[in-house]
Amino acid sequence: MRRTVPAVVAVLVGLALLGDLIVDAPGINALGQALLEGLVVLGAFALILAALKLLGSHASRLAQREGDRLGSVVLLVALLVALGLGIARPGGEELQWLFDYVYQPLQATTAALLAFFGIQGAYRAFRLRTGEAAVLLVSALFALLAQLPIAGAISPILPRLRQWMVAVPAAAGMRGILLGVSLGAVVASLRILVGIERPYT
Amino acid sequence: MNAVLDRIAMGTSLAAGGWEQIGAWVAAVITLAVLSYAIAPNPVAKTMQFLLVGVAAGYATAQAWNLVLWPRVQLLIQDPASHWLYGVYMVLGLLLLCRGIKPLSVVANVPLAMLFGGGAALALGGALAGTLVPQLEAGMVSLAPRDYGGGVVGWAYALDAALLLLGTIAALAAFQFTVTGQGRLGRAWQKVVDGLGALGRAVIMVAFGVVYAGAMVTFFGLLVSRLSFLAGFISTWIAGGG
Amino acid sequence: MIVCPGCQHRNPEDASECRQCGASLAGFAYRACPRCDALNPPDNAFCNRCLAPIRTTDDALAEPDASECVSSFQPGADSIPPQHPAPPPIRPVRDDSRSAFRTVGRREPDERQLDAREDATERPASRSEEVAARRLPHRLVRRDETPPREPATDQPVKAAFHGAPQRWDELDLLPIEAAIARAHRPTYVPPRGPTADEEEQAAALEQLLLGPPPLGERRRVHEAVREPLPMRAVRLLLSLLVLAAAVLAAIGPGGLTGAMVPREAALDLADSLNSLGPDDTVLLAFAYSPSYSGEMDPLADAVIETLARRQVAVVAVATDPAGVALARQRLGRVEEIQADYAYGTHYVVAGYLSGYRAGAQALCEGWGGLEADAVQRRPWADLGATADLAGAADVTRVILLADDGATARMWVEQLGACLQAPVDALVTGQLEAPLTPYLLSGQLAHLVAGGVAAGELEIALGTRVQAAAWADGYAALLVILVLAAVFANVFYISAGPEGAE
């Protein structure tokens, strides 16, 4: 019962939504829309659940005096301040200020560190161990060179060659990968819809 | 709560744009603190990571409540008869929240099942109708030069189409890990597939090279953007004196 | 190979008598694998251990009857290794005379040589003798310790290896065991002795634990592998060069900006945007996170400025909570530049579509369940930008701003089927290749990717320059990548076959 009911729910909801996508009938479309509404609401609850678990995990770390206690305090204070501002002043300037001057600089600068790690990754990735590594190196350097303003000054053929490289061999490779990824997604989804995979139990 | 915040805002009595100036200082300090991680991991940068996670979680939760849940709760309160379904979803959502409480976590299985089942159906439909079928259709184009206008241009386009088709098949062949074929025909076919696979790996490497170049440009652009902000802040500070 | 019940000699499949001792091989108990010498039940066609075929012919042996099974049952064959015949002289694996450890289970060289001289039959060790010798357990024991008592050879071994086999009632077996134990007894896997490397490691550990090594022996000290100094210096140099290039791009003169010529992709998109007017509405999907705002903000600004200049209505949505704030931020900045482009009248931030795919799919009907805008909480009918629209399906164009391939694919997959409006994608540089197939298949009308393309779009649209000013830095980045490739291969080639990792 404990495992059967969720499995039945997953299969029924999935089939109803699939029916909405495939069939054009008013009843099924209405049911599909209603279920989509439900998923939207549950998605928001899932976000809240994640925040609550984060809160609980760091609160328990503080209570048990383990881990980086200063970090946990900072996290909890930041979470509660952002949450409080957001709920007290929905759509207000305070939350936008927090986003503009705290959240965005934090996240953007963290991502900017990737420039250093990326160049160190290049240092390892560009070793010519195999022919494939050589192809990777040549295509990466050419793709970067040919999109620079100076490429057109060197030769007008460089940008065209780059355009061809992106539109034919690179697109062919990515299309093969996309097909594989889509097939994988289809199989994984079918496994859930048929009830073989039950990640919710 | 609103009254408290209003009092704080009035009490600070900052000049117009004062909060923006404070914000610029805060952003500059945060930027420098995070960039210090590039030199070496240090407690300040690590604390910034905790700050990021806290702000992001709080912000996302606030938006989820303000923009998704609260409007629906209001509708449910105003007109329960028409919006009874929202009530059902709110109850399911509360059951979902019980996932965080160990003794009650099993009650979250039904809303989770709904999320997974619905997500799987949407992913299936999207993958089939949004990627698989259109990409297969796009691959099945004419290889006749006359369909592309004829002449040298037609031949060029036809050659491109043929190379695209061959490259796609080769890329798929690169992921064949089957056992070597038995018999003469099997071995010959295995050689063909292995050859295609080698070509496919080369084609995939070309794609990855383009991706890598783009990624380096992206990461570099992110760094330049932060340095531009710092440069602008410093110049404003020097020019404005504070 | 058939294992002789008497002397354990390995005989070919067609043998009926043992080639060594002459005993009858009828009703034999085991077959030995020719590859790994593991003992297998006689019915096996393939070795239980290494799966090699163990029979040279295909004819299956008839199941011997119980009396033959009993008479040929040899429990000692897989429990206690036979002690007869005596193992031949074996050269020790290492000279452990100076070590505090010695191997037991194998006699000292001088004793063995004496025994070999006493042994009247001078003959090379047979295969069974070698196998038997290998089966003896080898253990490292300290010299001053008394080695554990080894099985005495003078006690009568229950397994009969000499002469006639024993009756089952003389063995410690119940009648039923004899018939079934043979088929089900697991194959004896003799413990192997230490290899030369293992003995060396044990000696090294002994040295570390007990003191300095004797004179003449090499000391082996294991220490953590550290990257050589030149390689660390190169990595630091590359990082500093990246920083310098970024500073150059941020505050440099932007000498290459003037040489930037928009490519076809940027020109096509610019033409398409310039064809829109006040009667059109664009659905602007902010599907990028603040992480990539450094690269995406210039793209967003260029598009929004053009739309604002042309008084095109914009409805902004996001499938991420941060996207709502980004939309407010970017649209708000344009409002500062273009005073006649106001919130509500010309642009609206619709809100956050939660549930990822479900939220995007929900846009196919109405405004995805959103009843009011995210900023002023006004219904759609009260807002000038959306008053004439029934939902997202009525927009003229969809412009997707994405930083992640999966998100971009999700939008194309979910909305491509239900929204008739053409979809333009403005994405980060790494998504150019992954999204090109969608451009080729017609699912995307335009695709502009990357920082350089952002600069080209700014020039093509005539908007304020942000990304275009970074052209010098991209050129420097190319030089740095070439340097990284050169250094990587110089060190890689000079490191030799081991290769530095």
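Let me start with one helix, α6 of chain B, residues 151–173. This helix has 23 residues and reaches 33 Å from its first C-alpha to its last, close to the 33 Å expected at 1.5 Å a residue. The expected span is 1.5 Å times one less than the number of residues. Helices here are DSSP runs of H or I with at least four residues, strands are runs of E with at least two, and both are numbered from the N terminus.

Before going on, a word on the source: this is a predicted model, local features need pLDDT of at least 70, side-chain atom pairs count only at pLDDT 80 or more, and totals for chains, interfaces and linings use all residues. Residues are numbered from 1 along each chain as its sequence is written, and chains are lettered from A and ligands numbered from 1 in the order in which they are written.

Back to α6(B). Its buried residues are B:A158, B:A161, B:L164, B:G167, B:T168, B:A170 and B:A171. Buried means that 20 or more other C-beta atoms, placed from the backbone, lie within 10 Å of the residue's own; exposed means 12 or fewer, and partly exposed is in between. What do these buried residues of α6(B) pack against? They pack against α8 of chain A, together with α5 and α7 of chain B.

That brings us to the interfaces. Between chains A and B, 102 residues of chain A are in contact with 97 residues of chain B. A contact is two residues whose C-beta atoms, placed from the backbone, lie within 7 Å. On the chain A side, α8(A) gives the most, with 22 residues. That side divides into 78 nonpolar, 16 polar and eight charged residues. Nonpolar covers Ala, Val, Leu, Ile, Met, Phe, Trp, Tyr, Cys and Pro; charged covers Asp, Glu, Lys and Arg; the others, Gly among them, are polar.

Between chains B and C, 39 residues of chain B are in contact with 47 residues of chain C. On the chain B side, α3 (43–78), α5 (109–139) and α7 (183–240) each supply at least two residues. The largest share, 18 residues, comes from α7(B).

Next, the cores. A nonpolar core is a set of buried Ala, Val, Leu, Ile, Met, Phe, Trp, Tyr and Cys residues joined through C-beta atoms within 7 Å. The largest one has 241 residues, and B:V55, C:V314, C:A316, C:L400, C:L401 and C:L457 touch the most other members. Here too α7(B) provides the largest share, 20 residues. Leaving out residues up to four places away in sequence, C:L457 touches C:A266, C:L269, C:A270, C:L299, C:A302 and C:V448.

Now chain C itself. Its secondary structure comes to 14 helices and 12 strands, and 42% of its 501 residues count as buried. Why is strand β7(C), residues 281–287, largely enclosed by the rest of the structure? Because seven of its seven residues are buried. On one side are C:T281, C:L283, C:A285 and C:A287, and on the other C:V282, C:L284 and C:F286. Strand β7(C) runs parallel to β8(C), residues 313–318, and five bridges join them. Strands pair if DSSP finds at least two bridges between them. In this pair, C:T281 stands opposite C:A313.
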